[in-house]
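Try each one yourself before you read the solution.

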Amino acid sequence: MYQQMIFVNLATDDVAASKEFFGALGYSINPQFSNDDCTCVVISDTIIAMLLSKKHYAEFTKKEIVDSTRTSEVLICLSAESREKVDELVEKAVAAGGTASDRIQDYGQMYGRAFDDLDGHTWEVMWMDPAVVQG
């Protein structure tokens with residue numbers, strides 16, 4: 001069966017710094033699709049983040065590229081296998097230079113936190129109790 005993938009394309013001010021940041025979070029970089037203008041971050045078998053220099057990103061759109069430190073362009077939410085893994089990923093992001101959101105979502109069966117990467121893109125990390133998800 002075909003497994004659809006998602007490629008999240010984000011503009012970055014510093015490709016090398018972004019590569020280092022996401023590497024520090026434990027994600028691998030696919031060198032086949034990375035160069036000085038782009039880094040390919042493998043989040044899972046079906047989720048890829050393409051971090052493009054603003055110059056390269058502009059080749060794919062005629063729209064103005066937002067300043068993601070001031071304007072919200074997208075909220076990216078990643079699942080986590082436990083509450084502890086949510087905290088672990090956010091703490092890694094902060095240690096690598098990201099900024100944690102002070103908002104924690106704790107609903108018992110669902111727990112989430114968020115961080116902004118070096119360019120201000122917001123990444124949410126969410127755990128949901130498998131028993132609740134299965135119904």
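**Exercise 1: the second largest pocket**

Task: find which residues lie nearest the centre of the second largest pocket, and how the lining divides by class.

Solution. Start at the middle: Tyr-57, Glu-64, Ile-65, Val-66 and Glu-73 lie nearest the centre, out of 13 lining residues. (A pocket, on a 1 Å grid over the protein atoms alone, is an open set of points where a 1.4 Å probe fits, with protein on both sides within 12 Å along at least five of seven lines; lining residues have an atom within 4 Å of a point.) Next, sort that lining: 6 nonpolar, 4 polar and 3 charged. (Ala, Val, Leu, Ile, Met, Phe, Trp, Tyr, Cys and Pro count as nonpolar, Asp, Glu, Lys and Arg as charged, and the others, Gly among them, as polar.) Then look at strand E1 (residues 6–12), which gives the most to this lining, with 3 residues. Last, the volume is about 170 Å³, that is, the space filled by probe spheres set on the grid points, which are joined across faces, edges and corners.

A word on the source: this is a predicted model, where local features need pLDDT of at least 70 and side-chain atom pairs count only at pLDDT 80 or more, while totals for chains, interfaces and linings use all residues. Residues are numbered from 1 along each chain as its sequence is written, and side-chain values use heavy atoms, with hydrogens and water left out.

**Exercise 2: the largest pocket**

Task: work out which element gives the largest share of the lining of the largest pocket.

Solution. This pocket holds about 310 Å³ of space. Of its 15 lining residues, Tyr-27, Ser-79, Ala-80, Glu-81 and Leu-89 are the closest to the centre. Two elements give two or more residues each: strand E5 (75–79) and helix H3 (83–95). H3 takes the largest share, with 4 residues. (Helices, H or I of at least four residues, and strands, E of at least two, are DSSP runs numbered from the N terminus.) By class, the lining has 8 nonpolar, 3 polar and 4 charged residues.

**Exercise 3: the cysteines**

Solution. Now check burial, meaning under 20% relative accessible area with a 1.4 Å probe, protein chains only: Cys-38 is buried at 5%, and Cys-40 is buried at 3%.

Key: Buried < 20%, exposed > 50% of the residue type's maximum accessible area, 1.4 Å probe, protein only.
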